[in-house]
Amino acid sequence: MKKVIAQTEIDVNEEGYMTEFSQWSKEICVCLADEQDICMTEKHWEVIEYIHEKHNNEEPLSIRGIKKSGVINIKEFYSLFPGGPLKKSTLIAGIPKPKSCI
Amino acid sequence: MKNLVILGAGTSGTMMANHLVKKLQKKDWKITIVDQYKTHYYQPGFLFLPFDTYTEDQVKKKGGKFIPKGVNYIQKKIEQIFPEDNKVELSDETLEYDILIVATGSKIAPDETEGLLGPLWQKDIFDFYTYEGALSLRNKLREWEGGKLVIHLTEMPIKCPVAPLEFAFLADSYFRKKGMRDKVEITYVTPLSGAFTKPTCTKALNYLLEEKQINIEIDFAIERVDNDNKMIIDYADKEIPFDLLVTIPTNMGDEVIERSGMGDDLNFIPTHKHSLQSKAHKNVFVIGDATNVPASKAGSVAHFQAETLTDNILLYTKGYKLKEEFDGHANCFIETGNNKALLIDFNYDQEPVHGTFPFAGIGPLKLLKESVFNHWGKLAFRWVYWNMLLKGIAIPFVSRNMSFKGKKFDIKAE
C-alpha cells in the first residue's frame, strides 16, 4: 500500500514497514520517528546507520548484536526506542521487521 | 581418490550421506561422516515427551543404523576445522578433504542468560529442546499441582520456531485433560512483537490464544532470571513471575565452529542462502541448523536443502556452476492441542497462506487451518522421518521448492 510522508509517496506493508528501501531518506526517517513519538538525536542516527550496515550485509538484527555492536548498550537502546526497540528502530530505518517463521 | 567429509550425523548429515553414496562414483570418492554421539534423536518428538504422548524409545535409535554401507563412519570428537588447509582435526587423527559438508547443527546455550543455570534449573526451570530436558519436564509435569506456567523464548533464531507455541497449546490441552486447567495460568513470553509475527498468520491464528486463554507478553528481551523471587526480568525492567518456567534458551551453533573461527556471533556459518555454499570457502558447504541462512531451523527445511545441496555437490565435482535454487521452503505441522494441528507451507519470500496441500483443491491436508487430519499427519511424520527422510527417500508429491498451486494468496482471516 502507499503512504505519503515528508511530501513523498512510499510503499509500506500493512504494519507500516517500508517495502522499498530505495525510497528511504533521512527526511522520511524523521517523520516515521515522529509518528512513533521519537525525536531523532545523534545517537539515534548512529543506531540507524548500524542497522543499515547489518541489513546490507544480510545479517539478522538481534538484541545480542546490539550488545556487541560497540555503538550502544541495550539499556540505552531501550531508552532511545521505548516499548519494543527492535521493531521501532527497524520501522524507522526502513527495513523489514525482524522475522519469525509464522 | 578424492575425499568428501561430512561433519555431524544428525538429520542433515545423515541425509547427505544417504543421498551422496548413491550419486558419487565409489572409485572416485571416499565419503566419511564424523559424529561423536551414538544416539540419533527424533527431535520433533521432544515436544511430545513432556506430555507423555511419546515414550523414550519412540524418539531415539542407534545412529549407525542410518549410515549407509559404503560410507566411512567415524565416532570421534571433532576438535577443529582448518578450512585454509582443507583439514579436520579429530580427537586422535586428522582428515583431509576435497569437499567438506558441515552439518553440526545447533544446541541450547542456557549459560548465555544470567541466572538461567541457577538453583532453579531443572527444579522449576526446564527446557524441552534436549532429550534430558524434555524428560525432566515430563517428570515435573506429572506431579505439578498448578500455578503460573511461563513459556519463554530467549532470542531468535531457534530450532523449530513454532515449537514453543505448540508447547503452549499442548499444555492447555494437557491440563484440561487432567482436570486442572483452572489451576494453571499460562503466559507466552516472546522477544518478538507477537506470537505470530507475519500479518496473515496473526489474522488467521490469533483466535487460538484467545480460545485457549493463553496470556501473551511481547517485546520481552530477557536480561536475567531472578531465582530468589522466581521472576524473569527484561532490559526494560519488566518482571514476569513464574512457578514453572519452560524456557527456550539461546540457540547456538556447535563450539567446533567457534574454535575454527568459521561462525558469526552465534556460531552459525555465513552461507549462501540459495546455493548452501559457505561464503568464505568454495569447497565448504553448510546445511541445516549449522547455517546462518534466514530459513526456519527445522528438519523439514533441512530435507529440502539436502536435495539442492546434493545437486550442487555433484555440479561442484564436475566444475559446473552451482544451482541457486533453495528458496527457504518449509513445511511444518503445528500442534494446536485437542488432537488437532495446523499445516503451514512457506519460503523466504512467501508467508504461510490458506489452501490445500499437497494437491491443489484436493488436499487432503488444509493449510493454516486446524484439523484432526493434520494432527495424524504430524504423528505419522515420525515414521516418515525414520523410514524415508533420513534415508534420503523423497516424500511423494512434496517438492523441494514451494509450490504455489492450490494456495490462496489474497487471504483474509477465515
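**Briefing: the chain A and chain B model**

Pro358(B) has its place in strand E23 of chain B, which covers residues 354–359. The structure is a predicted model, and the peptide bond that joins Phe357(B) to Pro358(B) in this model is cis, with omega about -10°.

**Backbone features of chain B**

- A cis peptide bond is also found between Met156(B) and Pro157(B), where omega is about 0°, and Pro157(B) belongs to the loop between strand E12 (147–153) and helix H3 (163–177) of chain B.
- Asp52(B), a residue other than glycine, has a positive phi near 60°, and its place is the loop of chain B that runs between strand E3 (39–41) and strand E4 (60–62).
- As background to these entries, most peptide bonds are trans, and most residues other than glycine have a negative phi.

**Packing of helices H1 and H6 in chain B**

- Packed helices are described in pairs by the distance between their axes and the angle between them.
- In chain B, the axes of helix H1 (residues 11–23) and helix H6 (residues 299–317) come within 9 Å and cross at roughly 35°, and the crossing of H1(B) past H6(B) is right-handed.
- On the H1(B) side the residues in contact include Met15(B), Met16(B), His19(B) and Leu20(B), while those on the H6(B) side include Ala302(B), Ala306(B), Leu309(B) and Ile313(B).
- By residue class, this contact of H1(B) with H6(B) is made up of eight nonpolar, six polar and two charged residues.

**Interface between chain B and chain A**

- The size of an interface is often given as the accessible area that is lost when the parts come together.
- Between chain B and chain A the buried area is about 2300 Å², with 53% of it given by carbon and sulfur atoms, and the contact involves 34 residues of chain B and 20 residues of chain A.
- Nine residue pairs, with both residues at pLDDT 80 or more, are in polar contact across the interface of chain B and chain A.
- On the side of chain B that touches chain A, helix H4 (199–211) and strand E22 (340–346) each supply at least two residues, and the largest share, four residues, comes from H4(B).
- The residues on this side of chain B comprise 19 nonpolar, four polar and 11 charged ones.

**Salt bridges**

- Side chains of opposite charge can pair when their charged atoms come close.
- Over all chains, the whole structure holds 27 salt bridges, and the count between chain B and chain A is six.
- Glu223(B) and Lys75(A) form a salt bridge in which the closest N and O atoms are 3.4 Å apart.
- Within chain A, the side chains of Glu46(A) and Lys43(A) meet in a salt bridge at 3.6 Å from N to O, and both residues lie in helix H2 (residues 42–56) of chain A, where they are three residues apart, about one turn of the helix.

Conventions: Residues numbered from 1 in each chain as written. Chains lettered and ligands numbered in written order. Predicted model: local features only at pLDDT ≥ 70, side-chain atom pairs only at ≥ 80, totals over all residues. Heavy atoms only, no water. Contact = heavy atoms within 4.5 Å. Buried area = accessible area lost by both parts, 1.4 Å probe. Salt bridge = Lys/Arg side-chain N within 4 Å of Asp/Glu carboxyl O. Polar contact = N/O pair within 3.5 Å; in protein donor to acceptor, adjacent residues only side chain to side chain. Nonpolar A, V, L, I, M, F, W, Y, C, P; charged D, E, K, R; others polar. Axes fitted to C-alpha atoms, helices over the stretch in contact; angles between N-to-C directions. Left-handed = near helix turned anticlockwise from the far one by under 90°.
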